[in-house]
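I opened my notebook to record what I could look up in a protein model, going from its sheet to its ligands and then to its backbone.

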Amino acid sequence: MTLPLPVVARIGAYALKKHISGAKYPMVLMLEPLLRCNLACPGCGKIDYPDPILNRRLSYQQCMDAIDECGAPAVSIAGGEPLLHKEMPKIVKGYIAKKKFVILCTNALLMKKKIDDYAPSQFFTWSIHLDGDRQMHDHAVDQTGTYDVAIEAIELAKAKGFRVQVNCTVFDGADPDRLAGFFDEMEKRGVEITLSPGYAYERAADKEHFLTRDRTKTFFREVFKKGNGAKKWKFTNSPLFLDFLAGNQTYECTPWSMPLRTVFGWQKPCYLVGEGYVDSFKELMEDTEWDDYGVGKYEKCSNCMVHCGFEGTAATDAIRHPLKMFNVNRRGVRTEGPMAPDIDISHARRAEDVHEVQVEKELAKIVADGGGGKRVQQVA
Ligand code: SF4
Ligand code: SF4
């Protein structure tokens, strides 16, 4: 990942210090300061809530408290669509003042209108949602024209001196040739890619088109083969995570490495699965039964290979085995030969449906707070 040197130095020093301490630690705070969006992608598991919840916002102070509580050196702001949040420029500025690396994830529909509310900084990057080429992306977000808007936004941001990357979620049925072609296009434009296989959120409208683990590994081998073991393209993902996607590593997830603070509180156990919420990061770390979650342990985890669960594992592996990472980086991801053994999922605990209960709880809180409340702001 070609981050500016001072940012790499800060994040590297933090990770090393924490690793030596032996404690569980977060690398990136995942922040969802609102769940409202101006798109309704069929694969989205974040927007299926009633209006009183979609109208909620984390305040500036709550966003600052979240990073102070967890201490992560970086924050990824998503949602919902963060550019709909009126305080977003102030929030980004607040994080940069704390020397936190800010990744602002957007579908780009509002970028042209709002870009001048932000200033380029070595601690700031736009992350544009782009799930492949024009046809793939417009299909994934179910709206024609969004690919062109995103490309225009990328060019605009680059022209204004911003750092820009794209976040690309890959769904089942994707064509390896087309995806490789899309990566070539991003390479030509000088844009880095954050890659993740789609996760079958319980609340996604379209759950059929998510990759299972076996298909994920075979698929990424096919894609990486077309790019010299992925060396041809620039990813923000670590080499060992890409190696994991191609079936060359047996990893368990590290869900606390990218903890989620959302309008409900801190989400247990991870960014993808919401089994409950607590008020503080301390409670999240101390009260979550971490051993109950992960591939092979819980049914909802069975097909998960997403970056927010496994990048932390790849990072720890890289600290423990720097030579292994160096070799993958130098030779590229292996796309032939036997795959690493996978975790047995046949005894995973049955999934529990907790969504409706949580929504009821949150709605009751909104009523009890008179629409305001301690946790979040209520906006019209
Ligand atoms: S743009 Fe992102 S948050 Fe909005 S609906 Fe699509 S996936 Fe969900
Ligand atoms: S395997 Fe389960 S607990 Fe781990 S990141 Fe994926 S969904 Fe979360």
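The entries below follow the order in which I looked things up.

**Entry 1: ground rules.** I am working with a predicted model, in which local features need pLDDT of at least 70 and side-chain atom pairs count only at pLDDT 80 or more, while totals for chains, interfaces and linings use all residues. Residues are numbered from 1 along each chain as its sequence is written, chains are lettered from A and ligands numbered from 1 in the order in which they are written, and side-chain values use heavy atoms, with hydrogens and water left out.

**Entry 2: the sheet.** I noted first that helices (H or I, at least four residues) and strands (E, at least two) are DSSP runs, numbered from the N terminus, and that two strands pair if DSSP finds at least two bridges between them. In what order do the nine strands of the open sheet stand? I read the order as β7-β6-β5-β4-β3-β1-β8-β9-β10, with mixed pairing. At the edges are β7 (192–197) and β10 (274–278), and each has a single partner strand, so one side of each is left without a neighbour in the sheet. On average, neighbouring strands are turned by 30 degrees against each other, direction ignored; the axes behind this angle are lines fitted to C-alpha atoms, for helices over the stretch in contact, and angles run from 0 to 180 degrees between N-to-C directions.

**Entry 3: walking from strand to strand.** I reminded myself that strands of a sheet pair through backbone hydrogen bonds, either parallel or antiparallel. Strand β1 (residues 28–31) runs parallel to β3 and is joined to it by four bridges, with A74 as the bridge partner of V28. From β3 to β4 I found four bridges, again parallel, and here I77 is opposite L104. Strands β4 (residues 101–106) and β5 (residues 124–129) are parallel over five bridges, and V102 faces F124 across this pair. Five bridges link β5 to β6 in the parallel sense, where H129 has N167 as its partner. The parallel pair of β6 and β7 has six bridges, and T169 stands opposite S196.

**Entry 4: what is enclosed.** Buried means under 20% relative accessible area, exposed over 50% and partly exposed in between (1.4 Å probe, protein chains only). In strand β3 (residues 74–77), A74 and S76 on one side and V75 and I77 on the other are all buried, which covers both faces. Seven of the eight residues of β6 (residues 163–170) are buried, so this strand is largely enclosed by the rest of the structure.

**Entry 5: around ligand 1.** I counted a residue as near a molecule if one of its heavy atoms lies within 4 Å of it. Ligand 1 is surrounded by residues including C37, C41, C44, G80, N107 and H129.

Entry 6: Most residues other than glycine have a negative phi, and most peptide bonds are trans. Which residues does a cis peptide bond with omega of about 15 degrees join? They are G79 and G80, and G80 belongs to the loop between β3 and α4 (88–97). Another cis bond joins K268 and P269, with omega about -5 degrees, and P269 is in strand β9 (residues 265–269). A108, in the loop between β4 and α5 (111–114), has a positive phi near 75 degrees and counts as buried at 2% relative accessibility.
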